[in-house]
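Dear colleague,

Here is the structure we spoke about, with the sequence alongside. My notes on what was found in it follow below.

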Amino acid sequence: MAYKVFGRNPGRYRASSEALLRKVRRLDPLYRINIVVDVNNLISIQSGLSVGSYDLAFE
């Protein structure tokens, strides 16, 4: 619903976990940011769910 409110087509955008899995299947390299992001990507690939981590100390 939020996509339509902002005038976007919800069928055009993939979930981040799906986009990540497609990238892996194409054998495209993954971005390396830090170990936490790497672990999140691994969990997303294995589970098929979008995973996020948040730095509670970040202001």
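A salt bridge here is a side-chain nitrogen of Lys or Arg within 4 Å of a carboxyl oxygen of Asp or Glu, and by this rule the count comes to 2 salt bridges. Please bear in mind that this is a predicted model, in which local features need pLDDT of at least 70 and side-chain atom pairs count only at pLDDT 80 or more, while totals for chains, interfaces and linings use all residues. Residues are numbered from 1 along each chain as its sequence is written, and side-chain values use heavy atoms, with hydrogens and water left out.

Side chains of opposite charge can pair when their charged atoms come close. D28 counts as partly exposed because its relative accessibility is 30%, where buried means under 20% relative accessible area, exposed over 50% and partly exposed in between (1.4 Å probe, protein chains only). The other pairing is between the side chains of D38 and R32, again a salt bridge, at 2.9 Å from N to O; here D38 is buried at 18% relative accessibility, whereas R32 is exposed at 68%.

Helix 3 covers residues 35-47 and includes I43; helices (H or I, at least four residues) are DSSP runs, numbered from the N terminus. N40 also has its place in helix 3 and is buried, with a relative accessible area of 11%. What does the side chain of N40 make a polar contact with? The partner is the side chain of S53, at 2.9 Å, a polar contact being a pair of N or O atoms within 3.5 Å, where within protein one must be able to donate a hydrogen and the other to accept it, and residues adjacent in sequence count only if both atoms are side-chain atoms. Setting aside neighbours within four places in sequence, N40 is in contact (heavy atoms within 4.5 Å) with V51, G52 and S53.

Together with I35, V36, V39, L49 and V51, I43 forms a nonpolar patch on the surface with about 510 Å² of accessible area. Such patches are made of residues with over 30% relative accessible area and no salt bridge, nonpolar side chains (Val, Leu, Ile, Met, Phe, Trp, Tyr) being joined within 5 Å and like charges within 9 Å; accessible areas come from the Shrake-Rupley method with a 1.4 Å probe, and for residues only the protein chains shown count as cover.

Methods:
Helix = DSSP H or I, 4+ residues; strand = E, 2+ residues; numbered from the N terminus.
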